[in-house]
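Hi everyone, thanks for coming.

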Amino acid sequence: QPQCDDSDGIIDGKGTFDTSQLNANLLAGQSNMTLTYIARDGTGTETPLGDSLPNPFTTETTTVIAQIYNPTNPNCVLEESITFQVNENPVFELAEEQVYCINLDGDVIYISNPKEPYSYNWTLDGVALTQTTQNININQGGTYVVTATNPVTGCATSKAIEIKSSEIPQLSMDDITVFDLTGDNTNRIEINPTTLGIGNYVFSLNFSPYQDTPVFDNVPPGIHTVLVRDENECGEKSLLVSVIGYPYFFTPNGDGTN
């Protein structure tokens, strides 16, 4: 019987065949017969393979010639061609990871570049899904496994994709602490990263380059824009924050003398 490429556990163009009954099937109860196997290439060159094939027999798609004859009359030889057919497993592309933004309506897992029209079955964390299409809609994270099957050969390939959940920051004034009126002009703004959500967040003050730390030091008095962005591209939020301060000296007549 034809075998799939992965019948030996490896996708390498080879299959593994059970030849334990091959000699008995070919001889069909005949006794005192000689059975030999040969490989014959396109030029007619023959390579002896012995009186039995290895079991299991791991090979690429190939045809082996079995020769049976009675030793008392070796001129009468019966030849039988035995084809070992290795069918290709489904070939397609699937990303290993993907981010699902829970603040959005949903997302799609895409299979790309399938070599043939396959049938598909999906599972989420080991539980079968009702969707059996090439691409599926999702609304939660987890480990998704798709099995693509060639409907003609029955050969199947399974691949997994890890969907990681993330979300836009849930930023509010309750997440921000302002340390102002410090008396030494070292005002600062701190953001509590533990209350923002399940995403990976970076922080900016007044549209400066984003940073990993949620603390801004030496903030001058005034109105400032605090921005928090999800690194998984699930969104960004901003708030206006006021910092109170006062000058430590003044020049009444503008001559530079305090």
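Predicted model: local features only at pLDDT ≥ 70, side-chain atom pairs only at ≥ 80, totals over all residues.

Let's start with Ser204, which has a relative accessibility of 0% and therefore counts as buried. Ser204 sits in strand S18, which covers residues 201-205. What does its side chain reach? Another is the backbone oxygen of Ser208, which lies 2.6 Å from a polar atom of the Ser204 side chain. If we leave out residues up to four places away in sequence, Ser204 touches Tyr210, Phe216, Thr225, Val226 and Leu227.

Now let's turn to Asp217. You'll find Asp217 in the loop between strand S19, residues 215-216, and S20. Is Asp217 buried or exposed? Its relative accessible area is 52%, and the cut-off for exposed is over 50%, so Asp217 is exposed. Setting aside neighbours within four places in sequence, Asp217 has contacts with Asn187 and Arg188. Glu190 is 27 residues away from Asp217 along the chain, and the C-alpha atoms of the two are separated by 8.6 Å.

Next, the disulfides. How many turn up in a search of the whole structure? The search finds two. As a quick reminder, a disulfide is a covalent bond between the sulfur atoms of two cysteines.

One of them joins Cys4 to Cys155, with 2.1 Å from S to S. Cys4 belongs to strand S1, residues 3-4, while Cys155 is in the loop between S14 and S15, so this pair ties together parts that are 151 residues apart in sequence. The link of Cys4 and Cys155 is left-handed, with -95 degrees about the S-S bond. Both Cys4 and Cys155 are buried.

The other disulfide joins Cys101 to Cys234, with an S to S distance of 2.0 Å. Here Cys101 lies in strand S9, residues 97-101, and Cys234 is in the loop between strand S20 (222-230) and strand S21 (236-243), so the pair ties together parts 133 residues apart in sequence. The torsion about the S-S bond of Cys101 and Cys234 is about -85 degrees, so this disulfide is left-handed. Cys101 and Cys234 are both buried. If you number the bonded cysteines in sequence order, the pairing reads 1-3, 2-4. As for Cys76, that residue is exposed, with a relative accessible area of 51%.

In soluble globular proteins, nonpolar side chains tend to be buried together. In this model, the largest nonpolar core has 16 residues, and those with the most contacts inside it are Ile109, Trp122 and Tyr144. Which strands supply at least two residues each? They are S11 (119-124), S13 (136-138), S14 (142-149) and S15 (156-166).

Thr157 is buried, with a relative accessible area of 15%. Its side chain reaches the backbone oxygen of Pro90 at 2.9 Å. Beyond neighbours within four places in sequence, Thr157 is in contact with Asn89, Pro90, Phe92, Val146, Thr147 and Ala148.

Moving to another loop, Gly13 lies between S1 and strand S2 (15-17). Gly13 is partly exposed, at 31% relative accessible area. Not counting residues up to four places away in sequence, Gly13 touches Asp5, Thr59, Glu60, Thr61 and Val86. Between the C-alpha atoms of Gly13 and Leu124, which are 111 residues apart along the chain, the separation is 30 Å.

Last stop: the largest pocket, which has a volume of about 230 Å³. It is lined by 14 residues, and Gln1, Phe17, Asp18, Leu22 and Phe84 lie nearest its centre. Helix H1 (22-27) and strand S7 (73-84) are the elements that give two or more residues to this lining. Which element gives the largest share? That is S7, with three residues.

That's the tour, and I'm happy to take questions.

Conventions:
Residues numbered from 1 in each chain as written. Heavy atoms only, no water. Core = buried A, V, L, I, M, F, W, Y, C linked by side-chain atoms within 4.5 Å. Buried < 20%, exposed > 50% of the residue type's maximum accessible area, 1.4 Å probe, protein only. Helix = DSSP H or I, 4+ residues; strand = E, 2+ residues; numbered from the N terminus. Disulfide = S-S within 2.5 Å. Polar contact = N/O pair within 3.5 Å; in protein donor to acceptor, adjacent residues only side chain to side chain. Contact = heavy atoms within 4.5 Å. 1 Å grid on protein atoms, 1.4 Å probe; cavity = no way out; pocket = protein on both sides within 12 Å on 5 of 7 lines; lining within 4 Å. Points joined across faces, edges and corners; volume = space filled by probe spheres on them.
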